[in-house]
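Please keep the sequence and the three-dimensional view at hand while working through the points.

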Amino acid sequence: MSEAKPGTPEKITSAEYIRANFEPSERIAVLLRNAERCESLQRISTAEKIAANPFQNWLRYKNTKEGFDIYVGMNTLKPISFRRTKDDILAIRHLYVDLDHHGSASLAMIEKSTLVPPPNYVLNTSPDKFQAIWRVNDMELREAEDLLHAMAREFDADKAATDAARVLRVPGFLNKKYQQDFLVSARFQTDQLYYLRDFKLRAESVELGHRNIHSAPRKAGLSGTGPTSQSERDWAYVKNALANGVDPEELIRQLAHSRAADKSDPQYYARLTVSKAVADIQPHSAGTPNNSEAGNHRGRN
């Protein structure tokens with residue numbers, strides 16, 4: 001892999017990103033998806049060919065002119081494979097979380113956490129949505145997926161993005177999912193290569209005889225069975241974020257933004273939820289945002 005250099009998000013191109021994350025001869029999958037036309041295209045080739053100008057020019061045309069979103073599989077494929085399934089994976093090259101819910105707050109939790117090392121890259125995929133990516137080595141598929149599930153639980157990430165054959169967005173291309181196009185950008189943070197021992201999360205393997213992964217206690221507000229409703233999920237997430245030191249006012253802003261579509265007064269709902277969570281964790285603390293209001297309107301969703 002080529003040596004990546006720290007820089008602003010705008011300086012990391014698609015080709016640079018591919019070269020930094022894969023060896024030239026490694027085979028990877030690129031997926032193109034046009035949601036409006038219900039059309040998908042997949043191409044599997046070496047990282048060297050995918051990063052080369054002809055392929056990149058074709059991707060840019062499909063993205064800007066024909067409205068296709070561009071994704072890449074983050075783990076390498078076997079030499080004889082022309083599909084992208086778990087059985088086709090040759091080697092685990094990355095772990096990742098898709099922060100599509102309370103994105104900034106979840107990212108702040110990752111940055112403060114002692115359970116995971118700093119991500120190699122953070123992709124900004126749309127307003128307040130991020131993908132954090134770790135380069136890894138010497139990790140089995142089951143170990144990787146155990147960690148993907150554990151990180152999704154810990155940081156309130158997309159539970160669907162816990163498959164080793166998952167594709168993620170590529171920096172330098174437009175996100176065509178929304179009414180207004182959004183340029184996907186990447187922030188490079190470190191070129192460190194990580195191993196299983198660098199992740200301290202509690203990962204519950206479904207297989208016996210598996211290599212032990214370091215355990216860590218669950219954070220406040222998260223039960224073993226997990227929340228069932230969206231409000232319960234918000235409550236568990238807010239308590240977890242507060243326990244990790246995320247600022248309450250930032251949580252209020254993020255929660256109000258995420259529930260704007262389904263709450264008549266999302267700002268009220270967000271402040272009430274965060275206030276109650278602060279009071280629940282620190283019942284005698286001062287400075288709770290609108291704590292009296294939370295006590296007067298307990299239970300409103």
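**Charges over aromatic rings**

The charged end of Arg 27 is placed over the ring of Phe 82, at 5.0 Å from the centre of that ring. Arg 33 is arranged over the face of Tyr 71, with 5.3 Å to the ring centre. The model discussed here is a predicted one. The points below begin with the protein as a whole and then turn to particular residues.

**Overall architecture**

- The protein contains 9 helices and 12 strands.
- It has 301 residues, of which 50% count as buried.
- Among contacts between residues at least 6 apart in sequence, 66% join residues that are at least 24 apart.
- The accessible surface of the protein is about 14700 Å², and carbon and sulfur atoms account for 48% of it.

**Aromatic pairs**

- A pair of aromatic rings is described by two quantities, the distance of the centres and the angle of the planes.
- The structure holds 5 aromatic pairs.
- One of them is formed by Phe 55 and Trp 58, whose rings are edge-to-face, with 5.6 Å from centre to centre and 70° between the planes.
- The angle of 70° makes this pair edge-to-face because that term applies to planes over 60 degrees apart.
- Phe 55 and Trp 58 both belong to helix H3, which covers residues 53–64, and they are 3 residues apart, about one turn of the helix.
- Phe 55 counts as buried because its relative accessibility is 16%, under the limit of 20%.
- Trp 58 is partly exposed, its relative accessible area being 27%.
- Tyr 121 and Phe 188 form a tilted aromatic pair, with 5.4 Å between the centres and 55° between the planes.
- Tyr 121 lies in strand E7 (residues 121–126) and Phe 188 lies in strand E12, so this pair ties together parts that are 67 residues apart in sequence.
- Tyr 121 and Phe 188 are both buried.
- Together with Tyr 17, the residues Tyr 121 and Phe 188 form one aromatic cluster.

**Salt bridges**

- A search of the whole structure finds 10 salt bridges.
- One of them joins the side chains of Glu 111 and Arg 187, at 3.4 Å from N to O.
- Arg 187 is partly exposed, with a relative accessible area of 30%.
- Asp 158 and Arg 166 also form a salt bridge, in which the closest N and O atoms are 3.7 Å apart.
- Asp 158 counts as buried at 18% relative accessibility, whereas Arg 166 counts as partly exposed at 25%.
- A further salt bridge links Arg 271 with Glu 249, the closest N and O atoms being 3.2 Å apart.
- Arg 271 is in helix H8 (residues 266–281) and Glu 249 is in helix H7 (residues 248–258), so the pair ties together parts that are 22 residues apart in sequence.
- Arg 271 is buried, with a relative accessible area of 16%, whereas Glu 249 is partly exposed, with a value of 39%.

**Two buried residues in loops**

- Arg 93 is found in the loop between strand E5 (89–91) and strand E6 (94–99).
- Arg 93 is buried because its relative accessible area of 18% is under 20%.
- The side chain of Arg 93 is joined to the side chain of Glu 26 by a polar contact of 2.7 Å.
- Tyr 194 is found in the loop between strand E12 (185–188) and helix H6 (230–243).
- Tyr 194 is buried, with a relative accessible area of 5%.
- Leaving aside residues up to four places away in sequence, Tyr 194 touches Pro 117, Pro 118, Asn 120, Trp 134, Arg 135, Val 136, Asn 137 and Phe 199.
- The side chain of Tyr 194 reaches the backbone oxygen of Pro 118 at a distance of 2.7 Å.
- Tyr 194 and Met 139 are 55 residues apart in sequence, and their C-alpha atoms are 9.6 Å apart in space.

Note on methods: Residues are numbered from 1 along each chain as its sequence is written. This is a predicted model: local features need pLDDT of at least 70, side-chain atom pairs count only at pLDDT 80 or more; totals for chains, interfaces and linings use all residues. Side-chain values use heavy atoms; hydrogens and water are left out. Helices (H or I, at least four residues) and strands (E, at least two) are DSSP runs, numbered from the N terminus. Buried means under 20% relative accessible area, exposed over 50%, partly exposed in between (1.4 Å probe, protein chains only). A polar contact is a pair of N or O atoms within 3.5 Å; within protein, one must be able to donate a hydrogen and the other to accept it, and residues adjacent in sequence count only if both atoms are side-chain atoms. Contact means heavy atoms within 4.5 Å. Accessible areas come from the Shrake-Rupley method with a 1.4 Å probe; for residues, only the protein chains shown count as cover. Rings of Phe, Tyr and Trp (its six-membered ring) pair if their centres lie within 6.5 Å; planes under 30 degrees apart count as stacked, over 60 as edge-to-face and the rest as tilted. A charge sits over a ring if NZ of Lys or CZ of Arg is within 6 Å of the ring centre and within 35 degrees of the ring normal. A salt bridge is a side-chain nitrogen of Lys or Arg within 4 Å of a carboxyl oxygen of Asp or Glu.
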